[in-house]
Amino acid sequence: MPYHTLEKADSLNKLTSVGKAVLGQIKYIVRNTENQWGELTELGKEQHRGIARRMMERFPEVFVDSAIIDAKSTMVIRCILSMATAMQEIVTQHPKLNIQMDASKHDMVYLNFQDKKLRDSMMTYATKKAFAKFANKRIKTDRMMKLLFNDSAYIKEYVDSRWFNYYLLKTGLMQQNTSMRDTSKIADLFTDEEIYHFWEYENAWWYFMYGPSLLNGGKQPFTQRILLQKIIDDADFYIQNEKTGASLRYGHETIVLPLTCLLDLNGYGYQTMNLEDIESHKWWACMIIPMAANIQFVFYRKDKHDKDILLKVFLNENEATLPLPSDDAPYYHWNDFKEYYLKKLDDYNKKRKF
């Protein structure tokens, strides 16, 4: 969108010198990224290699010879490549591990479950109204328009300043994930205040679309109820059969964020109707779903016969808290975890029937 807007303005001699320079950068980006939207970049691969290395370093008892590493991915190419990159790193360090990989429709029911009823309730009238009020206070485009275009009448007639501004900044910020991160200067056009307002906008959007916002009923995190049930069932299978290994799943941020909220990790289950409150309560989507976002459930036992299994949860490789009693947080008893979350899922499922 910024490319077409700037190109048209340039053809009519409506760009400033800065505008022409930005168009040049945008053209370069378009040439080097065309038809690659959503693909895994080299930086993304390195992130996954790093996560795999740190898992092996932190939990060596899991990655022992003959242990089963069961990896599954959604059917999206970037997720499959994420999985393959991580497994390649693991097998390089531990060639005798039993690594199994799959990406099929069979697992999509929990890896990328789409709840039509909840999805349709994301954007209610109340949500639209509240978000519009929140967003409109933060939209300021005059400075950027004057910086890039030389005709105010042309801007008013032909430039959608709100969305041009939004997508131009988004384009600039996205270069952090590519090989152009050291040469792209687009994000530098924006002031700290403008970037902050962009962050506020995005943060609020994630909160009501996939988080626990009361504006649309506070139930969006339950889109991941099947995934949470699957995590519990798979963990119990390993425990009851005295197995050692890891179940690794590769999916999407639209799954990781609501799952984080469903678990109420680090208080991210916080609910309010007021979008102005979420920042002060440290509900920050960027801390839940940075690039290569991940949740790790790590289980501890004295030996294969130990029935008092302990659990620790990591959000983006940092120890996270759960809304559970514990005599040694952030370690929690697996039985306490199961009791709490199975009841939470059961209560929701009962209400769904009415």
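Helices (H or I, at least four residues) and strands (E, at least two) are DSSP runs, numbered from the N terminus. The structure on screen is a predicted model, in which local features need pLDDT of at least 70 and side-chain atom pairs count only at pLDDT 80 or more, while totals for chains, interfaces and linings use all residues. Residues are numbered from 1 along each chain as its sequence is written, and side-chain values use heavy atoms, with hydrogens and water left out.

**Stop 1**

Select helix 10 (161-174) and helix 11 (192-210), the elements that give two or more residues to the lining of the largest cavity. Helix 10 provides the largest share of that lining, five residues.

Some terms are needed here. On a 1 Å grid over the protein atoms alone, a cavity is a set of points where a 1.4 Å probe fits but cannot get out; a pocket is an open set with protein on both sides within 12 Å along at least five of seven lines; lining residues have an atom within 4 Å of a point. Grid points are joined across faces, edges and corners, and a volume is the space filled by probe spheres set on the points. Rolling a probe the size of a water molecule over the atoms shows where empty space is left.

How many cavities of 30 Å³ or more are there? The count comes to one. The volume of the largest cavity is about 250 Å³. Now select R138, I139, N165, Y166 and F198, which are the closest to its centre among the 15 residues that line it.

Colour the lining by class, with Ala, Val, Leu, Ile, Met, Phe, Trp, Tyr, Cys and Pro as nonpolar, Asp, Glu, Lys and Arg as charged, and the others, Gly among them, as polar. The lining of the largest cavity then shows eight nonpolar, three polar and four charged residues.

**Stop 2: a pocket**

Next select K117, L118, K219, Y348 and R352. Of the 10 residues that line the second largest pocket, these lie nearest its centre. The pocket holds about 230 Å³ of space.

Which helices each supply at least two residues of this lining? They are helix 6 (116-120) and helix 15 (334-352). Helix 15 gives the largest share, three residues. By class, the lining of the second largest pocket has three nonpolar, two polar and five charged residues.

**Stop 3: salt bridges**

A salt bridge is a side-chain nitrogen of Lys or Arg within 4 Å of a carboxyl oxygen of Asp or Glu. A search of the whole structure finds 24 salt bridges. Three of them follow.

Select R53 and E89. Their closest N and O atoms are 3.6 Å apart. Because R53 lies in helix 3 (residues 42-58) and E89 in helix 4 (residues 77-93), the pair ties together parts that are 36 residues apart in sequence. Are these two residues buried or partly exposed? Buried means under 20% relative accessible area, exposed over 50%, and partly exposed in between (1.4 Å probe, protein chains only). R53 is partly exposed at 28%, and E89 is buried at 13%.

Move to R249 and D70, where the closest N and O atoms of the salt bridge are 2.9 Å apart. R249 is in strand 3 (residues 245-250) and D70 in strand 1 (residues 68-73), so this pair links distant parts of the chain, 179 residues apart. R249 is partly exposed, with a relative accessible area of 26%, whereas D70 is buried at 13%.

K140 lies in the loop between helix 7 (125-136) and helix 8 (142-148) and E193 in helix 11, so the pair ties together parts that are 53 residues apart in sequence. K140 is partly exposed at 48% relative accessible area, and E193 is partly exposed at 45%.

**Stop 4: two loop residues**

Select N112, in the loop between helix 5 (108-111) and helix 6. N112 counts as buried, with a relative accessibility of 19%. Its side chain makes a polar contact with the side chain of Q114 (2.9 Å). A polar contact is a pair of N or O atoms within 3.5 Å; within protein, one must be able to donate a hydrogen and the other to accept it, and residues adjacent in sequence count only if both atoms are side-chain atoms. Leaving aside neighbours within four places in sequence, N112 is in contact (heavy atoms within 4.5 Å) with T74, H252 and I255.

Finish at D160, in the loop between helix 9 (152-158) and helix 10. D160 is partly exposed, at 40% relative accessibility. D160 and M209 are 24 Å apart in space, C-alpha to C-alpha, and 49 residues apart in sequence.
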